[in-house]
Amino acid sequence: MSFYENHLFEKELPIIFHLDHLEKMEQCINNWHENLELIYCMEGEGEAVINSNHIPLRQGNMMIINSGDIHYMVSKSAKMSYYCLIISAAFLREYGIDVENLSF
């Protein structure tokens, strides 16, 4: 089961940026949202599960999670750390980028 992740953006800055940490075999919650998400792995290794596809992720790798994709991260090492950059779909639409109809 997945849940819709509601993002609350500041008016002045239409992004959310944070560092997440997972311990071995820990996973984050299965979720989806309309915003574009970029993941950059800082430490360790694991995988991103996106729409049931298992994609390896290790230190130095970056990936894009498309709008509407059901996804979660799983750590395969003692510790995995990754940055999340979530960009408002509404902000991108203002500049002619309709992320809900694009696939990266």
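1. Strands (E, at least two residues) and helices (H or I, at least four) are DSSP runs, numbered from the N terminus. By that numbering, Asn 51 sits in the loop between E5 and strand E6 (53-58). Its phi is near 50 degrees, a positive value in a residue other than glycine. Asn 51 counts as partly exposed because its relative accessibility is 37%. Here buried means under 20% relative accessible area, exposed over 50%, and partly exposed in between (1.4 Å probe, protein chains only).

2. On the source: this is a predicted model, in which local features need pLDDT of at least 70, side-chain atom pairs count only at pLDDT 80 or more, and totals for chains, interfaces and linings use all residues. Residues are numbered from 1 along each chain as its sequence is written, and side-chain values use heavy atoms, with hydrogens and water left out.

3. Met 25 also deserves a look at its backbone. Its phi is positive, about 65 degrees, although Met 25 is not a glycine. Most residues other than glycine have a negative phi. Met 25 lies in the loop between E2 and strand E3 (31-32). With 52% relative accessibility, Met 25 counts as exposed.

4. Next, the salt bridges. The term requires a side-chain nitrogen of Lys or Arg within 4 Å of a carboxyl oxygen of Asp or Glu. The count by this rule is two. Side chains of opposite charge can pair when their charged atoms come close.

5. Glu 47 counts as buried, at 16% relative accessibility. Lys 76, at 35%, counts as partly exposed.

6. Glu 100 and Arg 93 also meet in a salt bridge, at 3.1 Å from N to O. Glu 100 is partly exposed at 42% relative accessibility. Arg 93 is partly exposed at 40%.

7. The largest pocket has a volume of about 210 Å³. Of its 15 lining residues, the closest to the centre are Glu 5, Asp 20, Cys 28, Asn 31 and Glu 37. Strands E2 (15-23), E4 (36-43), E8 (71-75) and E9 (79-87) each give two or more residues to the lining. A pocket is an open set of points on a 1 Å grid over the protein atoms alone, where a 1.4 Å probe fits, with protein on both sides within 12 Å along at least five of seven lines; lining residues have an atom within 4 Å of a point. The volume is the space filled by probe spheres set on the points.

8. By class, that lining has nine nonpolar, three polar and three charged residues. Ala, Val, Leu, Ile, Met, Phe, Trp, Tyr, Cys and Pro count as nonpolar, Asp, Glu, Lys and Arg as charged, and the others, Gly among them, as polar.

9. Ile 64 belongs to strand E7 (residues 62-65) and is partly exposed at 36%.
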